[in-house]
Amino acid sequence: MAAVKKCPECKEEIRGRADKRFCSDYCRNVANNKLNRDSNALMRNINNRLRKNWRILNELNPKDKTKTTHNKLLANGFDFTLFTSIYTTKKGTVYYFVYDQGYLPMDDEYYLIVKRET
């Protein structure tokens, strides 16, 4: 007689297929959520901050190109350490993009905000 398999989450008996690991979808989801909690929280926080950066650039750039100041970006809560990609032109100009909204540091005070065509 085979040993009775127990659910690693709730310790109930597992019925069904021989390779089944959890007694229910609920227990499987709870176990996987516990396993991924730390990485999910980190990614969720970074994505929220990237989304905030994108909203700030999008609000300041209603058309396809505009100019703003460093202080205005900071006052809105912009985080210059988070961006999704970097684009370097043939001339060596470096644009920082948050999804389709990008910014170019022009000097110590001003930034050019551009929208990438999709």
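Colleague: Is D19 buried or exposed in this model?
Modeller: The structure is a predicted model, and its values are computed from the atoms. D19 has a relative accessible area of 52%, and the cut-off for calling a residue exposed is over 50%.

Colleague: With which residue does D19 form a salt bridge?
Modeller: A salt bridge needs a side-chain nitrogen of Lys or Arg within 4 Å of a carboxyl oxygen of Asp or Glu. The closest N and O atoms of D19 and its partner are 2.9 Å apart, and that partner, at 60% relative accessibility, counts as exposed. The residue that forms the salt bridge with D19 is R17.

Colleague: Which residue meets E9 in a salt bridge, and how many residues apart are the two?
Modeller: The side chain of E9 meets that of K34, with a distance of 2.7 Å from N to O. The pair links distant parts of the chain, since E9 belongs to the segment before α1 (25–60) while K34 lies in helix α1. E9 is partly exposed with a relative accessible area of 24%, and K34 is also partly exposed, at 46%. The partner of E9 is K34, and the separation is 25 residues.

Colleague: Where in the chain is D79, which forms a salt bridge with R49?
Modeller: The closest N and O atoms of D79 and R49 are 2.7 Å apart, and the pair links distant parts of the chain, 30 residues apart. D79 counts as buried at 18% relative accessibility, whereas R49 is partly exposed at 42%. R49 sits in helix α1, and D79 is in the loop between α2 (70–75) and β2 (85–88).

Colleague: How many salt bridges does the count come to?
Modeller: Side chains of opposite charge can pair when their charged atoms come close. Among the salt bridges here are the one between D19 and R17 and the one between D79 and R49. The count comes to 5.

Colleague: Why does D100 have no salt bridge, and with which side chain does the side chain of D100 make a polar contact?
Modeller: D100 lies in the loop between β3 (94–98) and β4 (101–105), where D100 is buried, and the nearest side chain of opposite charge, K115, is 4.0 Å away. No salt bridge is counted for D100, although D100 touches residues including V114, K115 and R116.
Modeller: A disulfide needs two cysteine sulfur atoms within 2.5 Å. The sulfur nearest to that of C23 belongs to C10 and is 3.4 Å away, and the sulfur of C27, a buried residue, is 3.6 Å from that of C23, too far for a bond. The count of disulfides therefore comes to 0.

Colleague: Which residue in β3 stands opposite Y87?
Modeller: β2 and β3 pair in the antiparallel sense over 4 bridges. These strands form a hairpin with 5 residues between them, and G92 in the turn has a positive phi of about 95°. The residue opposite Y87 is Y95.

Terms used: Residues are numbered from 1 along each chain as its sequence is written. This is a predicted model: local features need pLDDT of at least 70, side-chain atom pairs count only at pLDDT 80 or more; totals for chains, interfaces and linings use all residues. Side-chain values use heavy atoms; hydrogens and water are left out. Buried means under 20% relative accessible area, exposed over 50%, partly exposed in between (1.4 Å probe, protein chains only). Lys and Arg count as positive and Asp and Glu as negative; His and the chain ends are not counted. Contact means heavy atoms within 4.5 Å. Two strands pair if DSSP finds at least two bridges between them. Lists of a residue's contacts leave out its neighbours within four places in sequence.
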